[in-house]
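Thank you for making time for this today. Please have a look at the structure on the screen, and I will then go through it step by step.

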Amino acid sequence: MRSMEDFNRHNKEINENLTYWQNKPILQTIYNDFYALIGAQVDRSQEGLIVELGSGIGNLKQHIPECICTDVFPNPWIDQVENAYRMSFADESVSNLILFDVFHHLEYPKAALNEFRRVLKPHGRVILFEPCISALGWIVYGAFHKEPVAWFDKINPDGGPISDDRLGYYAAQGNACRIFRHSRKYRDLIGDFSITKVRRYAALAYVMSGGYSGRQLYPDRLYPFIKSCEKVLNHLPSLFATRLLVVLTK
């Protein structure tokens, strides 16, 4: 069950991230590039709602103004509160569902995907942007991130429905990489979703920025140079990828 402790932890992290965002300009530059990658995958060819689950500090709306920003707890910049396992949207009403660093917090991915399937229109998309576990990813997320990679943990196969008393804080940074890069093994979790795209990115500029709370390892003026290095490292994703883009189509 989402306890007061969960509520306090969630809001503490969000408010800390908002402070870092306002005082660390390189983050805004980096995330603009991430949002551009996500926005390029949004299918606007059909009518329907564009929804982000787990919007955090709500910055996606600056890039996709029509996006409905949601989270599990209210904040002034959140349009509405939503539960990934039991959303308020009508059947086949959503054209694009976006999750940025949210999927690895879903303890019951099969149940969530079943709910996504319900609300998505035919040919609707789920767009995920997640940690990627490569050689560098193991170091970045395993040694320097507070959330577990949980690469060898069992992924819960429960397809739902998920009652509120089974909800709580969960993180497994390796889940998206495990499920969608090894889709045959996890076909039962994915169901009849088509995996339209799986792309891995080095995202070196992000790693060396220290993220929200870590120490920045390069001056802002070197950002273009770091981005040019990324283009080379992107060709060796098993070694250097730290970010994963996944697009699923109903």
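Predicted model: local features only at pLDDT ≥ 70, side-chain atom pairs only at ≥ 80, totals over all residues.

Leaving aside its neighbours within four places in sequence, which residues is Asn175 in contact with? They are Ile155 and Tyr170, where contact means heavy atoms within 4.5 Å. Asn175 lies in helix α5, and this residue is buried, with a relative accessible area of 2%; buried means under 20% relative accessible area, exposed over 50% and partly exposed in between, with a 1.4 Å probe and protein chains only.

Residues are numbered from 1 along each chain as its sequence is written, and side-chain values use heavy atoms, with hydrogens and water left out.

Now to the chain as a whole. For 250 residues, a compact globule would have a radius of gyration near 18 Å, and the chain agrees with that at 17 Å; the radius is taken over C-alpha atoms, and the globule rule is 2.2 Å times the number of residues to the power 0.38. Along the principal axes, the C-alpha atoms fill a box of roughly 45 × 40 × 40 Å. Of the 250 residues, 50% are buried, and among contacts between residues at least 6 apart in sequence, 75% join residues at least 24 apart.

The secondary structure comes to nine helices and seven strands, which are DSSP runs numbered from the N terminus, helices being H or I of at least four residues and strands E of at least two. The seven strands form an open sheet with mixed pairing, in the order β3-β2-β1-β4-β5-β7-β6. Its edge strands are β3 (80–81) and β6 (194–201), each of which pairs on one side only; two strands pair if DSSP finds at least two bridges between them.

Let me walk across part of that sheet. Strand β1 (residues 49–53) pairs with β2 in the parallel sense over two bridges, and Glu52 stands opposite Cys69 in β2. On to the next pair: β2 and β3 are also parallel, over two bridges, with Asp71 opposite Val81 in β3. In a regular strand the side chains alternate between the two faces of the sheet. In strand β2 (residues 68–71), Ile68 and Thr70 point one way and Cys69 and Asp71 the other way, and all are buried. Elsewhere in the sheet, β5 (residues 120–131) and β7 (residues 243–249) run antiparallel and are joined by seven bridges, and Arg125 has Thr249 in β7 as its bridge partner.

Where does helix α3 (residues 109–119) sit, then? Nine of its 11 residues are buried, so α3 is largely enclosed by the rest of the structure. Among those buried residues are Leu113, Phe116 and Val119, and also Lys110, Glu115 and Arg117. The buried residues of α3 pack against β1, β4 (94–100), β5, α5 (175–181), α6 (187–190) and β7.

I will finish with Arg200, which lies in strand β6. Leaving aside its neighbours within four places in sequence, Arg200 is in contact with residues including Cys132, Arg181, Asn234 and Leu244. The C-alpha atoms of Arg200 and Arg166, 34 residues apart along the chain, are separated by 32 Å.
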